[in-house]
Number of protein chains: 2
Amino acid sequence: MTVAEANEFRALCDTAGIPVTHQRLVIYQVLRSMHGHPSPEEVYERVRVRIPAISLATVYKNIHLFIESGLFHEVSLHHGSLRVETNALPHHHLVCTECKSITDIAADDLGIPVRAHRLRSGFLAQRYAVDVLGLCPDCQKSLP
Amino acid sequence: MTVAEANEFRALCDTAGIPVTHQRLVIYQVLRSMHGHPSPEEVYERVRVRIPAISLATVYKNIHLFIESGLFHEVSLHHGSLRVETNALPHHHLVCTECKSITDIAADDLGIPVRAHRLRSGFLAQRYAVDVLGLCPDCQKSLP
DNA sequence: TTGACAGATAATAATAGTTATTATTTAATA
DNA sequence: TATTAAATAATAACTATTATTATCTGTCAA
């Protein structure tokens, strides 16, 4: 971790309007140092090396705070429980980042090509699942 | 529920190589009759109307079975826990349906346009999160 | 500097969602 | 029909997450 990174974090917090704390700074630095898609538990393990007394709940709260403030994204909006897709037609999802509502949109209406093909990496693509993240009409009205 | 639907289900089970049971048939019919993205709990509530003695665990097991067999999809491959995106560059995900691995792919390499715009439905699209579902190189080798 | 307040944290209890276990029941088949 | 493998019901256990609450920390006015 560098002084530059700490200053960067302070600037981000200033913009987001959240106070800087030692715990927050460490969680931020740990996240920046990690690769892939870590779980809160994994973040907690690493943060504990530097702050042994930290609580898992604090890690959760600050990860949520970072996500709300736009410092990080979550890998995919997860619903807290398994959900079954009952619409058998090819479609994608409009996900409102504000109210978390999920609306179907026919694949044709989105105009993203869906065809099985092999990517450069060797991955065999069979299906695209697209989440269009944004604001639903209702939330557009009720926001500044 | 119709006789045709029951026969359709028998045919699907036959193809998938899973035995037909009364519970399975009812869960299938209930799913077919529902709209949107129901949770196992919601499915359970409806199935109980017809089979009061059914267990929630049975509903879970069969929903998973249906998903594995391809009769239904889950709304989004979710990890069972919150995951933080540590890659700050615009990218999407290659999700292997076999081993569940998630690999990043740069947005440019996928060639899907990402621009904020308003859809016909009035939804304000700000960002696309694309899951490319398919088979990773390893799983392609180890499958028939 | 001190004192008071607001917000953040630590510890922990509680809850929700899911899975494992096991005895019993059912379906497939000889 | 009898046998056996698999499915189910009941329930315990587990994991991920959130709520609660007492304590602590930093900030700002006197």
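## The surface near DNA strand C

By class, the surface near DNA strand C has 13 nonpolar, 10 polar and three charged residues, where Ala, Val, Leu, Ile, Met, Phe, Trp, Tyr, Cys and Pro count as nonpolar, Asp, Glu, Lys and Arg as charged, and the others, Gly among them, as polar. The model is predicted, and for this reason local features need pLDDT of at least 70 and side-chain atom pairs count only at pLDDT 80 or more, while totals for chains, interfaces and linings use all residues. Residues are numbered from 1 along each chain as its sequence is written, and chains are lettered from A and ligands numbered from 1 in the order in which they are written.

Around DNA strand C there are 26 residues, of which Thr21(A), Gln23(A), Thr58(A), Ser81(A) and Ala57(B) are the closest; a residue is near a strand if its C-beta atom, placed from the backbone, lies within 6 Å of it. Two or more residues each come from helix H2 (22-33) and H4 of chain A and from H3 and H4 of chain B, and H4(A) gives the largest share, four residues. Helices (H or I, at least four residues) and strands (E, at least two) are DSSP runs, numbered from the N terminus.

## The surface near DNA strand D

DNA strand D has 22 residues around it, and Ala57(A), Gln23(B), Thr58(B), Ser81(B) and Leu82(B) come nearest. By class, this surface near DNA strand D holds 11 nonpolar, eight polar and three charged residues, and its largest share, four residues, comes from H4(B).

## How the two chains are related

Chain B can be laid on chain A by a turn of 180° and a shift of 0.0 Å along the axis, with an RMSD of 0.2 Å, the superposition being by least squares on the C-alpha atoms of residues with pLDDT of at least 70 in both copies. The two copies are thus related as by a two-fold rotation axis. In chain B, the C-alpha of Val130(B) is the nearest to this axis, 2.2 Å from it.

## Where the chains touch

In all, 44 residues of chain B are in contact with 45 residues of chain A, contact meaning that the C-beta atoms of two residues, placed from the backbone, lie within 7 Å. On the side of chain B that touches chain A, the largest share, 12 residues, comes from S6(B), and that side divides into 25 nonpolar, 14 polar and five charged residues.

Strand S1 (residues 73-74) of chain A pairs with S2(B) in the antiparallel sense over two bridges, and strands count as paired if DSSP finds at least two bridges between them. Here His73(A) stands opposite Glu85(B) in S2(B).
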